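Here is a short report on one model.

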Amino acid sequence: KVTEGGIAYLPKNIPHALRNPLGTPSKYLFAAIPGGYIEHWFEAVQAAREGGDLDDAAYRELSLKYGIEWLE
């Protein structure tokens with residue numbers, strides 16, 4: 001559990017999830033180290049969203065392309 005203003009370290013290949021139990025929006029700041037690949041995923045997701053092509057299947061496909069696997 002991370003509280004407001006807190007920091008969490010998530011090692012590579014450790015399943016994790018985010019959950020906001022509050023009724024208010026929250027903001028997260030992520031740092032991926034080493035960098036170099038994750039920003040391309042964000043760009044691809046944004047391009048798909050702007051093109052109207054971002055459904056659940058496209059999101060999952062883009063994620064897998066960049067080494068991100070979503071837990072269900």
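## Ala 31

Ala 31 sits in the segment before helix 1. Helices here are DSSP runs (H or I, at least four residues), numbered from the N terminus. Ala 31 is exposed, at 70% relative accessible area. The classes are buried under 20%, exposed over 50% and partly exposed in between, with a 1.4 Å probe and protein chains only. Ala 31 and Tyr 9 lie 22 residues apart in sequence, with 9.8 Å from C-alpha to C-alpha.

## Basis of the model

The model is predicted: local features need pLDDT of at least 70, side-chain atom pairs count only at pLDDT 80 or more, and totals for chains, interfaces and linings use all residues. Residues are numbered from 1 along each chain as its sequence is written, and side-chain values use heavy atoms, leaving out hydrogens and water.

Asn 13 and Phe 30 are 17 residues apart along the chain, and 16 Å separates their C-alpha atoms.

Glu 72 is placed in the segment after helix 2 (56–65). Glu 72 is exposed, with 88% relative accessibility. Glu 72 and Ala 17 are 55 residues apart along the chain, yet their C-alpha atoms are separated by 9.9 Å.

Leu 18 lies in the segment before helix 1 (38–50). Leu 18 is exposed, at 53% relative accessible area.

## The largest pocket

The largest pocket holds about 2,400 Å³ of space. A pocket is an open set of points on a 1 Å grid over the protein atoms alone, where a 1.4 Å probe fits, with protein on both sides within 12 Å along at least five of seven lines; lining residues have an atom within 4 Å of a point. Volume is the space filled by probe spheres set on the points.

The lining has 43 residues, and Leu 10, His 16, Ala 17, Leu 18 and Phe 30 lie nearest the centre. It divides into 28 nonpolar, 9 polar and 6 charged residues. Nonpolar means Ala, Val, Leu, Ile, Met, Phe, Trp, Tyr, Cys and Pro; charged means Asp, Glu, Lys and Arg; the others, Gly among them, are polar.

How values were computed
Helices (H or I, at least four residues) and strands (E, at least two) are DSSP runs, numbered from the N terminus.
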